[in-house]
Number of protein chains: 2
Amino acid sequence: MPRDLRTTDAGFEADFDRLLHAKRESQSDVADAVAEVLRDVRLHGDEALIKYTSRWDQLDLTPDRLRIAECEIEAAVAACDPEVIEALKVAATRIEAFHRRQTPDTYDYVDDAGVRLGARWTPLSAVGLYVPGGLASYPSSVLMNAIPAKVAGVPRLAMVVPTPEGALSPLVLAAARIAGVDEIYRVGGAQAVAALAYGTATIRPVDKIVGPGNAYVAAAKRQVFGTVGIDMIAGPSEILVVADGANDPSWIAADLLSQAEHDSSAQSILISDDAAFIQAVRAAVDTHLKTLPRAVIAGASWRNNGATILVRDLDEAVALVDRLAPEHLELAVADPDALAAKVTHAGAIFLGRYTPEAIGDYIAGPNHVLPTARSARFSSGLNVLDFMKRTTLVGCDAASLGRLGPQAAILADAEGLGAHALSVRVRLGG
Amino acid sequence: MPRDLRTTDAGFEADFDRLLHAKRESQSDVADAVAEVLRDVRLHGDEALIKYTSRWDQLDLTPDRLRIAECEIEAAVAACDPEVIEALKVAATRIEAFHRRQTPDTYDYVDDAGVRLGARWTPLSAVGLYVPGGLASYPSSVLMNAIPAKVAGVPRLAMVVPTPEGALSPLVLAAARIAGVDEIYRVGGAQAVAALAYGTATIRPVDKIVGPGNAYVAAAKRQVFGTVGIDMIAGPSEILVVADGANDPSWIAADLLSQAEHDSSAQSILISDDAAFIQAVRAAVDTHLKTLPRAVIAGASWRNNGATILVRDLDEAVALVDRLAPEHLELAVADPDALAAKVTHAGAIFLGRYTPEAIGDYIAGPNHVLPTARSARFSSGLNVLDFMKRTTLVGCDAASLGRLGPQAAILADAEGLGAHALSVRVRLGG
């Protein structure tokens with residue numbers, strides 16, 4: 001059974017602390033195995049990539065078949081349900097519109113000391129997008145990872161996706177096409193990450209790799225970090241719903257299960273000020289579980305990691321929300337704005353009774369790649385800035401260097417850095 | 001002798017590639033030793049912190065002496081040269097003014113489908129700043145790391161600095177005071193990183209740790225990443241100067257040495273289209289080295305890692321600049337703006353003959369914490385956004401959910417996520 005906590009219980013603090021620090025991820029140590037794959041692909045390029053794809057994906061390739069051809073993509077798209085393609089296009093349009101607002105300002109000015117100062121944002125030159133194969137191969141994730149890169153202006157977006165025994169979701173190819181992905185390769189695992197980071201004869205190297213993957217992919221991203229940039233390593237997904245007693249228990253139960261069905265390590269938590277409502281939601285979860293297609297996964301997640309917390313009032317909920325720093329926060333209350341204003345840490349907030357988190361997973365517009373495992377305390381969801389970098393500009397002339405130089409030289413001397421001081425003083429004619 | 005390359009040489013590509021991939025950092029593997037320290041501080045808090053400080057800093061502390069008292073800070077500041085304090089204040093004012101421009105826009109709007117959408121930036125709640133002890137203890141770095149955090153609005157900024165045998169630079173304390181650091185602790189090494197990440201009875205935990213440190217500090221930051229955020233792990237510093245023959249060789253030589261004097265692993269590279277000028281700069285470097293206080297370090301860096309590259313013309317330099325993706329780029333040419341516009345990858349650009357990089361290290365305003373080791377291809381210098389995080393907002397009502405919900409449900413079904421679809425459809429009354 002999911003945990004059933006009450007802030008009025010004597011043991012609440014200890015119980016909540018256990019909930020907060022429960023490890024949900026099974027940390028398999030694959031670092032050594034991954035290091036070997038990376039070394040091999042770095043040294044032997046396509047040959048190693050093809051060897052591992054044969055071994056682990058049961059797919060025999062040649063260098064000219066690594067890349068998925070345009071005609072294959074077109075055939076896949078043509079085979080998709082037009083209604084789903086239309087929904088993907090609507091989603092892509094909305095995601096693009098939201099992300100366009102994130103394009104940062106470049107600035108360039110002369111300050112009152114006569115110093116030219118600026119900051120120039122430019123897109124990354126090449127980005128790699130990892131897309132998992134099999135069950136976790138979601139077209140919505142392709143949109144969420146690829147569109148911000150394209151809005152940023154990244155000219156080359158290369159996608160890798162494993163195709164075990166050659167199988168690949170046509171919708172993933174359709175989403176890549178809609179999002180503007182430039183190249184798609186049918187490889188996955190640590191070997192695909194290595195190919196993107198180091199390059200092979202067929203796959204040119206990229207500057208950053210994004211996208212979710214299994215333990216091998218995560219370990220490979222960690223190891224190539226530095227050679228290329230990476231996005232955050234995502235942990236299991238989480239939802240925290242704060243709901244008062246005026247909600248339909250069935251709706252809230254469905255929201256909790258929409259997170260639980262992702263993965264048995266996912267976590268769904270309900271906070272409410274209404275004890276009877278909490279019990280009604282718990283009952284509604286059990287009812288939904290009788291009919292849901294992924295009831296086995298969702299049920300395991302709910303039983304092992306789920307929790308309900310009864311609070312004295314909604315203000316008491318705020319401190320708990322911040323301590324949980326949830327990836328997704330639903331505020332199904334009468335005045336969600338007032339409550340949202342008090343919350344400090346959350347990846348995304350879903351406001352009111354008519355905003356199930358799933359609307360944000362697919363179509364609302366904001367990114368669904370969000371900080372997990374309490375990292376909303378210090379990080380943000382994926383966005384356009386993740387695909388850009390900033391160069392600062394400084395320009396002095398003789399006059400402005402004359403104004404600032406002496407104090408720079410004083411500081412350089414104070415730090416014992418004589419060449420720093422010299423580089424200023426030679427220009428001051430001293 | 002530093003490398004002396006010419007793009008017209010037959011072996012240039014191979015030589016340049018070696019320059020590009022030369023490892024300058026000695027990677028000492030301290031991961032296991034650091035893991036033990038982290039575990040110990042996590043379990044035993046102040047007691048372990050005090051034990052390691054006694055062992056490695058030869059300083060015996062009690063819990064009440066971990067924090068540096070206000071009166072000690074005031075005494076240190078009073079003992080500083082007033083001219084240096086004044087220069088630090090001018091620098092702080094300029095750094096703050098530049099960073100104020102980086103404060104991001106929060107937005108909140110209703111789109112034409114009637115969906116409420118927003119993105120809200122908030123400061124991190126608590127940040128830890130690591131400051132190295134001994135020779136690398138630079139007041140300018142305290143300003144550069146602390147001021148963006150304060151501009152972001154971080155309410156609690158806790159600094160740690162080792163004080164071997166009790167010794168500490170009064171200027172570091174002065175810089176911390178000027179920058180608005182809230183708490184200062186006389187501890188360093190992996191044990192200080194652990195204290196910031198996990199908290200002890202005396203030091204409350206923070207949400208992110210920034211600042212440079214030795215191999216132990218870098219390893220500790222890597223290992224606590226996830227529990228807290230970290231900044232980039234900095235490699236040895238680099239400068240790339242592109243200069244035409246109209247410069248004073250002595251000025252450019254000083255600029256190259258200002259990077260070289262940081263560390264024998266630092267790298268200084270000159271690109272010019274004038275062969276005689278290159279030789280004049282190489283001679284001027286040798287001349288400066290006869291008198292500079294840090295000539296041993298600077299000379300070792302220049303001989304082992306330095307290089308000059310003769311190009312046919314400045315346009316040929318642009319491609320080399322982008323391949324080097326330098327931390328610092330000086331453009332000492334007649335039209336630096338035209339050249340800067342062609343460059344894609346650089347952490348900071350210094351424009352024209354009167355802008356030595358040292359002016360940016362201390363007083364210009366932009367941050368001097370910049371991406372090293374070619375990471376300017378995918379990352380940016382430290383800035384206000386590094387101390388903030390973004391929460392996205394979505395709000396639907398019955399009408400707008402009615403508009404978007406059906407397509408979200410179609411996509412959820414296509415991905416086989418029945419509870420996602422259910423959470424939308426129950427609200428559509430279907």
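Which residue's backbone oxygen lies 3.1 Å from a polar atom of the side chain of Arg156(A)? The residue is Pro205(A). This is a predicted model.

**The interface in numbers**

- Chain A puts 116 residues into the contact, and chain B puts in 116 residues.
- The size of an interface is often given as the accessible area lost when the parts come together.
- Here, chain A and chain B bury about 9,800 Å² between them. Carbon and sulfur atoms account for 60% of that area.
- In chain A, the residues that lose the most area to chain B are Tyr362(A), Phe378(A) and Arg427(A). Together they make up 8% of what that side buries.

**Charged and polar links across the interface**

- Eight salt bridges are found across the interface of chain A and chain B.
- One of these salt bridges is formed by Asp111(A) and Arg94(B). Their closest N and O atoms are 2.8 Å apart.
- Polar contacts link 60 residue pairs across the interface of chain A and chain B, counting pairs with both residues at pLDDT 80 or more.
- On the side of chain A that touches chain B, helix 15 (residues 398-414) of chain A gives the most, with 10 residues.
- By class, that side of chain A has 65 nonpolar, 29 polar and 22 charged residues.

**Strands that pair between chains**

- Strand 14 (residues 388-395) of chain A is joined to strand 13 (residues 348-351) of chain B by four bridges.
- The two strands run parallel.
- Thr392(A) has Ala348(B), in strand 13 of chain B, as its bridge partner.

**Helix 11 of chain A**

- Helix 11 covers residues 295-305 of chain A.
- Its buried residues are Ala295(A), Ala298(A), Gly299(A), Ala300(A), Ser301(A), Trp302(A) and Asn305(A).
- These buried residues pack against helices of chain A, namely helix 1 (12-21), helix 9 (249-260) and helix 10 (275-289).
- They also pack against strand 1 (3-6), strand 10 (267-272) and strand 11 (307-310) of chain A.

**Back to Arg156(A)**

- Arg156(A) lies in strand 5 (residues 156-160) of chain A.
- Is Arg156(A) buried or exposed? Arg156(A) counts as buried because its relative accessibility is 7%, and the cut-off for buried is under 20%.
- Leaving aside neighbours within four places in sequence, Arg156(A) is in contact with several residues, among them Ser125(A), Lys150(A), Asp182(A), Glu183(A) and Arg204(A).
- Pro205(A), the residue from the opening question, is also in contact with Arg156(A).

Methods:
Residues are numbered from 1 along each chain as its sequence is written. Chains are lettered from A and ligands numbered from 1 in the order in which they are written. This is a predicted model: local features need pLDDT of at least 70, side-chain atom pairs count only at pLDDT 80 or more; totals for chains, interfaces and linings use all residues. Side-chain values use heavy atoms; hydrogens and water are left out. Contact means heavy atoms within 4.5 Å. Buried area is the accessible area (1.4 Å probe) that two parts lose on being put together, summed over both. A salt bridge is a side-chain nitrogen of Lys or Arg within 4 Å of a carboxyl oxygen of Asp or Glu. A polar contact is a pair of N or O atoms within 3.5 Å; within protein, one must be able to donate a hydrogen and the other to accept it, and residues adjacent in sequence count only if both atoms are side-chain atoms. Ala, Val, Leu, Ile, Met, Phe, Trp, Tyr, Cys and Pro count as nonpolar, Asp, Glu, Lys and Arg as charged, and the others, Gly among them, as polar. Two strands pair if DSSP finds at least two bridges between them. Buried means under 20% relative accessible area, exposed over 50%, partly exposed in between (1.4 Å probe, protein chains only).
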